[in-house]
Amino acid sequence: MPTTLLEQSSLFLQQFVNGMTLGSIYALIAVGYTMVYGVIQLINFAHGEIYMLGAFLSFSLVSGFFGVGLPFVLAVTIAVLVCALAGVLLDLVAYRPLRRSPRLAALITAIGMSIFLQNLALLIWGGQIRSFPRAVIPVFLFAPALQFGEVVVSWLQVVILLTAVILMVVLQLIVHYTRLGRAMRAIAQDQTAAALMGVNVDRVVSYTFALGSGLGGVAGILVGLYYNAVYPTMGYLAGIKAFAAAVLGGIGSIPGAILGGGILGLAEVFGAGYISSSYGDGIAYAIMILVILVKPAGLFGRPSSNKLYRG
Amino acid sequence: MNTGRFFLVLAGLVLLSLSAGSVWAQAEKIKIPVAAPFTGPLASFGEGIKNGALLKEDEINASGGINGRMVEIVLADELCDPQEAAAVATRFAHDPQVVIVIGHLCSSATLAALPIYKEAGLPAITPASTNPEIGRLSSYYFRNVYRDDFQGDFLAAYAEKVKKFKKVAIFYEVNDYALGLKDAFTKAAEKLGLRIVGAESYMAKTADFKAQLSKFKMLRPDAVFIAGYAPQATLIISQARSLGLKCAFFGADGLDDAVLLKNPDAEGLFVTTPFLADQGGARVNDFVEHYREKFSLEPNWFAANTYDAVGMAAAAIAAVGLDRGKVRAWLAGVSSPEKAYQGITGATYFDENGDCLKAALVKMIRDGRWVSAGEQLR
């Protein structure tokens, strides 16, 4: 182990940066879970696959997998838009017909869609890990942005953190200060009453899926770049972790999802770094369980009233 | 209408008799099953296994088969997953036409299939599983590849004597192959006075290795030994570089894959391998040439070892016929250098555990290509 105080503290700082990066990615995915849950009380287990789709689409568009290689920024934009569209489509095909059925039916459908999308990706892209070709990614992303002593923060880490923060702020603005946001909050409180007041419920739910899936797609792209690895099963583990983050923060609450993601990311990295490298995940989940035991509704969840967008 | 239906039935009957005919013809062939991951993350390893087996199948059949009967390689995909491997093994065990199995690739898969073959009295040769326990656990398992205790010893000696490393950190995956390697390497390093400054583990499913690598960075090792497989190794090396870890990286045969060639960060990586195309004689050159012709690929060690394993299986069947017990006895009888099977990977003969002694070679990545390391240790 490193011995001097300087080494110890720079290791701590490095792990903190690693954990925050991971946490902001979890937060981006967790927000998608929590938004959909807030509006229609559905845990959309296929959300992790939308994230995987974002990574694969940007990889394919950039590397010319579909025949033409597009410039990086254009490819990423298209990938996010397609993810948003895929989310809407997912709702349209799989969840909307079941809106009036028992919740369990929709939940099982969500799991089915998750498996379906994973296998679809396996069929299209194959099972091996794909990497972004180095030539097509803006070079500066891999250069160190900050370096003090032994601690290195890459531009990519800065970009991930900034993207997460900006998107979260924008999302809060949308939810609190736009007509769409107000409609979403209204549906979250009482779907029937909102419909009676003239809110087009189906359309608002579609927008919710589009927003959440777009954010999931962004997370997928960032992760694909950060680890330089894109593979069909990547959505499963990330989806479960983000779901845990959403539950930890109080499912239905957007600030809760952000905080939950941050806590989970830090716990995982510090667990792996200081306790045992094989149990990083386990430690993250243990923290989640402890929080739930003390506060069953999660950090920002209120058990009694219905759900969305407080705080 | 009626005549149309009549012809349909007639056509159906003709098809039926044709397919029945082909089933009957296939029964004449000698089935040799080959089990490995042919899809999934380790599919590129499996591809070498498949191609090596198919090349040998071609050669055996072109020279008249085994005592006049054609050979058919039956491929079974087990994804390197112990559960899938056990399912595949059960299928072979219950197929009376199967008298020997070639496989599996991953040690964890081999160890899962091993008790099933043992119980069914079905001999098997693994061309690639290097975990030390395999031979000791079953008298029906043979291998024509070295063991990890040998490979670990060899790597430690190479790191210390040739590379002159003083401090090494180990990054190992949690599986039977990597744990065996790590233990062997650690033991050998202690004897040689090579300091192990840290050992961290990772799971195959994760893509984030930064927590462990940040720790390694503070330990300032001369090199990091990655005990695991290529798909993760390429991520590990890239993430290490992005954290500013500048030390050398090396690994064992699990890293011998083209995926690392696409990664510019992996320049200079060296690995052990049981087979190098440029270190053999005329027979090896023939093999390499035929392989390139048939698959437009360079053969790797998986292909070479499988080619020889299928050759040994065919030799056993040719000598004693289609009988599991007799095939096992024949293989066990290949027990000394004089009786050895002469293949393209050198002379193969088994000790009392069904293990064999073979040389390890070293290759490295230079300018995005595998090249034989200038200095070999023999």
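Modeller: Let's start at B:His104, which sits in the loop between β3 (101-102) and α4 (107-120) of chain B. Helices here are DSSP runs of H or I with at least four residues, strands are runs of E with at least two, and both are numbered from the N terminus. Before going on, a word on the ground rules: this is a predicted model, where local features need pLDDT of at least 70 and side-chain atom pairs count only at pLDDT 80 or more, while totals for chains, interfaces and linings use all residues. Residues are numbered from 1 along each chain as its sequence is written, and chains are lettered from A and ligands numbered from 1 in the order in which they are written.

Back to the histidine. The peptide bond between B:Gly103 and B:His104 is cis, with omega at about 0 degrees. B:His104 counts as buried because it has 32 C-beta neighbours inside 10 Å; the cut-offs are 20 or more other C-beta atoms within 10 Å for buried, 12 or fewer for exposed, and partly exposed in between, with C-beta atoms placed from the backbone. Leaving out residues up to four places away in sequence, B:His104 touches B:Ala35, B:Ala36, B:Glu78, B:Ala85, B:Ala109, B:Thr110, B:Ala113, B:Thr126 and B:Ser129. Contact means that the C-beta atoms, again placed from the backbone, lie within 7 Å. B:Ala128 is 24 residues from B:His104 in sequence, and their C-alpha atoms are 7.1 Å apart.

Now zoom out to the domains, whose bounds come from an automatic or database domain assignment. Chain B is split into domain 1 (29-146 + 279-359) and domain 2 (149-273). Their C-alpha centres are 28 Å apart, and the contact between them takes 14 residues from domain 1 and 15 residues from domain 2. On the domain 1 side, α2 (43-62) and α4 of chain B each supply at least two residues, and α4(B) gives the most, with 3 residues. That side of domain 1 divides into 8 nonpolar, 6 polar and no charged residues. In this scheme Ala, Val, Leu, Ile, Met, Phe, Trp, Tyr, Cys and Pro are nonpolar, Asp, Glu, Lys and Arg are charged, and the others, Gly among them, are polar.

Next, the core. The largest nonpolar core has 219 residues, and A:Ala30, A:Val31, A:Ala245, B:Tyr117 and B:Ala313 have the most contacts inside it. Such a core is a set of buried Ala, Val, Leu, Ile, Met, Phe, Trp, Tyr and Cys residues joined through C-beta atoms within 7 Å. α1(A) gives the most to this core, 15 residues. Both domains of chain B give residues to this core, so it lies between them. As for B:Ala313, it touches B:Ile32, B:Ile100, B:Ile102 and B:Ile125, not counting residues up to four places away in sequence.

The two chains meet as well: that contact takes 28 residues from chain A and 29 residues from chain B. On the chain A side, α1 (5-40), β2 (151-154), α9 (234-249) and α10 (254-275) each supply at least two residues. The largest share of that side, 6 residues, comes from α1(A).

Two strands pair if DSSP finds at least two bridges between them. β6(B) runs parallel to strand β7 (residues 195-202) of chain B, joined by 7 bridges, with B:Val168 opposite B:Ile196. From β6(B) the chain crosses through helix α7 (residues 176-192) of chain B to β7(B), a right-handed β-α-β crossover; right-handed means that, with the strands pointing away from the viewer, the path from the first strand over the helix to the second runs clockwise. β6(B) is also parallel to strand β8 (residues 223-227) of chain B, through 5 bridges, and B:Ile170 stands opposite B:Phe225 there.
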